[in-house]
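Subject: Structure for your files

Hello,

Here is the structure, with the sequence alongside. My notes follow below it.

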Amino acid sequence: MYDKPIHEIIVPLEEYPCIPDTLTLGDAILEMAVQILRRKQLSLPRVALVFDESFSELLGMLRRRDIMRGLEPRFLLSGTMEYGRKLFDVQVDPNLAEISSEKIVAHMRQRANRLVRDFMIPIPATIDYDDHLMKAVYEMVDRNTSLLPVLKDGKVVGVVRSVEVLQEIALILQS
Amino acid sequence: MVMKLCGEVMIPLERFPQLPYWFTLRQAMAELERVVDDVMKRHCPHCPCRLVLVFDAQNQLLGILRQQDILRGLKPEILAENAQRHTESLFDVKVDPNLYKFYEGDRALTMLQEQIERPIGDFARPIKIMLNGDDDLLQAIALMTREDLDFIPVQRDNRIAGIVTVLDVLQETTKLLL
């Protein structure tokens, strides 16, 4: 009989990347890179939780994709996808390409000064500390998310990720 | 300072687990587990371990299966999207997420044992967008942000040669910025 509550598979908050909403995108990347070294991870975390400055309220989350959205040069943002692709179809002198690359990088550096709060996304769903594993499956699929913050008495105490949920399901099936 | 090309940054196709579409969710999970073990042992910084490439009988890439797609396959039928649509049309009410309680205890095990034998071809995501090996990373950024994707297949000589992921693009971008 399987009745393990979700809190037995959570990643505690102190072991998960958390950043304030007032951080710039550039600093958020640095902070996430520090986490790699601190926790001996292999790559940048997929998601960071975003809190207010006093870390008392969870405001949203920042995925790698959201950082890229913030860094993306403005000229790529207008028009349709086909228009975006056509911008790259023009043959240019390779020497000119280097100059334009430098301009683009300079532009992206500027954009790295923008704030996390402008690119974070809302928390799609949360799960309670004592909820069942199947509720996590339901919420992850229903909200199309791979991460759910876990609440205990209304406070965030950690996160549950799809990787742990799948590992737990594998264990259930082997038992 | 020139941006790298997608072909230089992509992870070659052979580094991903590859399964035919008739394999089950159980086999996909086992394959992912095996690759994770392998990656951890080699301490490889490129971890393509959360995607399974799904091929058809002619060995053509049919789609890509993510962990979330496996979870979608394991979701109880009673909570599935089509069940929800049906309920809504009949009674104009939403499926109560607490219905999952029906699956606590032994029922969860029985349900999972059934669902996990479903074929991965039913849950893999078809490939709709591709990059070329000589596209630069800006194009990858543009497509990933516009389409909200974490990975895009890259083709060379009209065949898919690898996959560029949001992690690789972000790491390359970071090198340019810092």
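Helices (H or I, at least four residues) and strands (E, at least two) are taken as DSSP runs and numbered from the N terminus. On that basis, the elements of chain A run β-β-α-β-β-α-α-α-β-α-β-β-α from the N terminus on, which gives 6 helices and 7 strands.

This is a predicted model: local features need pLDDT of at least 70, side-chain atom pairs count only at pLDDT 80 or more, and totals for chains, interfaces and linings use all residues. Residues are numbered from 1 along each chain as its sequence is written, while chains are lettered from A and ligands numbered from 1 in the order in which they are written.

A residue is called buried if 20 or more other C-beta atoms, placed from the backbone, lie within 10 Å of its own. Buried residues make up 33% of the 175 residues in chain A. In helix 2 (residues 64-71) of chain A, 8 of 8 residues are buried, including Arg64(A), Arg65(A) and Asp66(A).

Strand 3 (residues 47-51) of chain A is largely enclosed by the rest of the structure, because 4 of its 5 residues are buried. Strands count as paired if DSSP finds at least two bridges between them. Strand 3 of chain A pairs with strand 2 (residues 18-20) of chain A in the parallel sense over 3 bridges, and with strand 4 (residues 58-63) of chain A in the antiparallel sense over 5 bridges. Val50(A) in strand 3 stands opposite Ile19(A) and has Gly60(A) as its bridge partner in strand 4.

Regards

Definitions and conventions: A residue is buried if 20 or more other C-beta atoms lie within 10 Å of its own, exposed if 12 or fewer, and partly exposed in between; C-beta atoms are placed from the backbone.
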